[in-house]
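Here's a quick briefing to read with the coordinates open. Have a look at the model first, then work through the notes by topic.

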Amino acid sequence: MHRNLGHSSASKKVRQRFTDLLTEKDQQKFWNLFIPPRRKNETPEQKLENVPFGYLEGKFDNQLSIKYFTSIEVPAEKMNEVRSWPEAQPYLQIIKPKPAGLP
């Protein structure tokens with residue numbers, strides 16, 4: 001998310017929205033920060049400020065339960081290794097190869 005931002009006002013607002021998202025406890029507010037509602041007649045600046053984050057990737061120690069995950073994506077060449085980890089065993093059904101073309 002941060003790697004594509006510059007120093008514009010819109011980029012600063014996106015960074016703040018991301019920071020707010022990480023501490024939001026209300027489910028609906030979280031998702032509205034993650035994918036902001038589209039509004040009619042947005043200016044180009046507002047469209048940049050409200051760009052959806054798309055997907056979450058990261059480590060949230062003791063903050064986010066894995067029971068809410070629908071997918072764990074790993075590079076195809078690492079699938080066998082990851083699936084062999086003891087801590088991966090309960091989650092084999094959601095461990096999938098990352099789609100081609102994604103970083």
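The notes below go through the fold, the helix pairing, the salt bridges, the surface and a few contacts across the chain.

This is a predicted model, so a few ground rules apply: local features need pLDDT of at least 70, side-chain atom pairs count only at pLDDT 80 or more, and totals for chains, interfaces and linings use all residues. Residues are numbered from 1 along each chain as its sequence is written, and side-chain values use heavy atoms, with hydrogens and water left out.

**Overall layout**

- The protein has four helices and two strands, where helices (H or I, at least four residues) and strands (E, at least two) are DSSP runs numbered from the N terminus.
- Reading from the N terminus, the order of elements is α-α-α-β-α-β.
- Of the protein's 103 residues, 18% count as buried; buried means under 20% relative accessible area, exposed over 50%, and partly exposed in between, using a 1.4 Å probe and protein chains only.

**How α1 and α2 pack**

- The axes of α1 and α2 come within 9 Å and cross at roughly 155 degrees; axes are lines fitted to C-alpha atoms, for helices over the stretch in contact, and angles run from 0 to 180 degrees between N-to-C directions.
- That makes α1 and α2 roughly antiparallel to each other, given that angles under 35 degrees count as roughly parallel, over 145 as roughly antiparallel, 65 to 115 as roughly perpendicular and the rest as oblique.
- The crossing of α1 past α2 is left-handed, meaning the near helix is turned anticlockwise from the far one by less than a right angle (clockwise would be right-handed).

**Salt bridges**

- Side chains of opposite charge can pair when their charged atoms come close.
- How many salt bridges are there? The count is two, with a salt bridge taken as a side-chain nitrogen of Lys or Arg within 4 Å of a carboxyl oxygen of Asp or Glu.
- One of them joins the side chains of Lys-13 and Glu-49, at 3.3 Å from N to O. This pair ties together distant parts of the chain, with Lys-13 in helix α1 (residues 9-23) and Glu-49 in helix α3, 36 residues apart.
- Is Glu-49 buried or exposed? Glu-49 is buried at 14% relative accessible area, while Lys-13 is partly exposed at 43%.
- Lys-78 also forms a salt bridge, with Glu-81, and the closest N and O atoms there are 3.7 Å apart. Lys-78 is partly exposed at 39% relative accessibility, and Glu-81 is partly exposed too, at 40%.

**On the surface**

- Leu-64, Tyr-68 and Phe-69 make a nonpolar surface patch of about 320 Å².
- For the patch rule, residues need over 30% relative accessible area and no salt bridge; like charges are joined within 9 Å, and nonpolar side chains (Val, Leu, Ile, Met, Phe, Trp, Tyr) within 5 Å. Accessible areas come from the Shrake-Rupley method with a 1.4 Å probe, and for residues only the protein chains shown count as cover.
- Tyr-68 sits in the loop between α3 (44-49) and β1 (72-74) and is exposed, with a relative accessible area of 60%.
- Asn-41 has a phi near 60 degrees, a positive value in a residue other than glycine. You'll find Asn-41 in the loop between α2 (27-34) and α3, exposed at 76% relative accessible area.

**Contacts across the chain**

- Lys-12, in helix α1, is 37 residues from Glu-49 in sequence but 8.4 Å away in space, C-alpha to C-alpha. Lys-12 counts as exposed, at 55% relative accessibility.
- Leu-92 lies in the loop between α4 (79-84) and β2 (95-97) and is partly exposed at 24%. Between Leu-92 and Ser-71 there are 9.9 Å in space, C-alpha to C-alpha, and 21 residues in sequence.
- Pro-99 belongs to the segment after β2 and is partly exposed at 39% relative accessible area. The C-alpha atoms of Pro-99 and Glu-73 are 8.1 Å apart, with the two residues 26 residues apart along the chain.
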